[in-house]
Amino acid sequence: MEYRQLGKSGLRVSAIALGSWLTYGVSVEKEQSMACIKKAYELGVNFFDTANVYGRGAAEIVVGEALQPYPRESYVLATKVYFPMGDGPNDRGLSRKHIMEQCHASLRRLRTDYIDLYQCHRYDPSVPLEETLRALDDLVTQGKILYAGVSEWTAAQITDAVRTGEHLGLHRIISNQPRYNMFERGIEEEILPVCVREGIGQVVFSPLAQGVLTGKYRLNQPLPEGSRATSAAGKEFIQRLLTTENLQKVETLKQIADEAGIPLARLALAWVLRLSGISAAIIGASCPEQVEENVKAVDLKLAPELLQKIEEALA
């Protein structure tokens with residue numbers, strides 16, 4: 001396993017992280033979820049990502065239970081706050097009240113005394129940024145979280161957070177969790193340069209485009225039974241990626257991968273990890289075998305001529 005600095009912080013995380021979105025505690029059985037986490041830990045993955053909203057706490061419960069056998073200092077645990085966790089007017093967003101209450105709730109579900117990385121799941125324009133940043137800073141001071149980060153914030157919002165934090169003398173945010181894969185490259189133009197400049201590491205999700213870049217969805221073929229595209233929980237997220245254009249690119253990419261003797265999923269993950277600004281890629285897995293295969297991408301370094309072929313295929 002390769003371990004990378006999370007931005008300019010002192011925290012080192014495995015280049016492959018295991019996530020739990022749409023899976024653990026929801027669509028994947030508990031025993032299978034715990035087997036995936038066990039396999040990841042055995043393979044050197046030390047970074048486990050979840051969020052309070054995943055199954056309204058169900059994913060955190062499974063992740064917390066699965067990690068109980070291991071020394072707490074041996075892994076990095078990340079969770080998030082923002083989305084509704086109840087029907088009340090204060091049961092959502094990034095107010096001080098919601099952040100504090102949800103941090104304590106996450107700690108209980110995760111069965112831990114502290115969260116390594118606590119991230120704002122989205123930007124909340126209804127709450128003063130200073131209020132959000134001060135709440136996160138207080139949690140760091142209290143030792144309930146060690147580091148803070150954001151997810152899916154714009155370059156301008158990230159810059160504003162950094163400058164506001166500097167002005168107030170607060171602990172800096174160290175991470176951004178954006179969507180990034182061969183089909184969704186929006187962070188390259190503005191967000192990545194800003195984060196590199198400010199020392200904020202990227203913890204990217206959906207590196208395989210919800211499974212489209214594994215090659216299991218093929219042009220003019222029926223959707224595979226039991227796939228995310230046929231599940232009630234996952235199909236709304238993947239349908240927008242299953243375009244004719246994307247599936248045509250998959251055919252070309254698969255040919256490139258076959259010629260190089262590399263599974264397409266491994267190629268796609270290695271492509272994501274090629275950028276120095278990427279600290280980790282969060283994979284999803286429904287069985288230990290998927291974890292084992294995805295971890296192999298860490299050892300794959302793509303030659304310049306192979307990268308050129310990929311760029312031409314994606315053009």
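Q: Which residue in E10 is the bridge partner of Val 204?
A: In this predicted model, local features need pLDDT of at least 70, side-chain atom pairs count only at pLDDT 80 or more, and totals for chains, interfaces and linings use all residues. Residues are numbered from 1 along each chain as its sequence is written, and side-chain values use heavy atoms, with hydrogens and water left out. Strands E9 and E10 (residues 278–283) pair in the parallel sense over four bridges, where pairing requires that DSSP find at least two bridges between two strands. In E10, Val 204 has as its bridge partner Ala 281.

Q: Which residue in E9 stands opposite Ser 175?
A: Strand E8 (residues 173–177) runs parallel to E9 and is joined to it by two bridges. Across this pairing, Ser 175 lies opposite Gly 201.

Q: How many of the five residues of strand E9 are buried?
A: On one side of E9, Gly 201, Val 203 and Phe 205 are buried, and on the other Gln 202 and Val 204 are buried, which leaves both faces covered. Buried here means under 20% relative accessible area, exposed over 50%, and partly exposed in between, with a 1.4 Å probe and protein chains only. Strand E9 is largely enclosed by the rest of the structure, because the number of its residues that are buried is five of the five.

Q: What separates the C-alpha atoms of Leu 247 and Tyr 217?
A: Leu 247, in helix H8 (residues 244–260), counts as buried because its relative accessibility is 10%. Leaving aside neighbours within four places in sequence, its contacts (heavy atoms within 4.5 Å) are with Val 212, Tyr 217, Arg 218, Leu 219 and Leu 242. Although Leu 247 and Tyr 217 are 30 residues apart along the chain, their C-alpha atoms are separated by 7.4 Å.

Q: What is the radius of gyration of the protein?
A: The secondary structure comes to 11 helices and 10 strands, which are DSSP runs numbered from the N terminus (H or I, at least four residues, for helices; E, at least two, for strands). Taken over C-alpha atoms, the radius of gyration is set against a globule rule of 2.2 Å times the number of residues to the power 0.38. That rule gives 20 Å for 315 residues, so the protein is as compact as a globular protein of that length, its own value being close to this at 19 Å.
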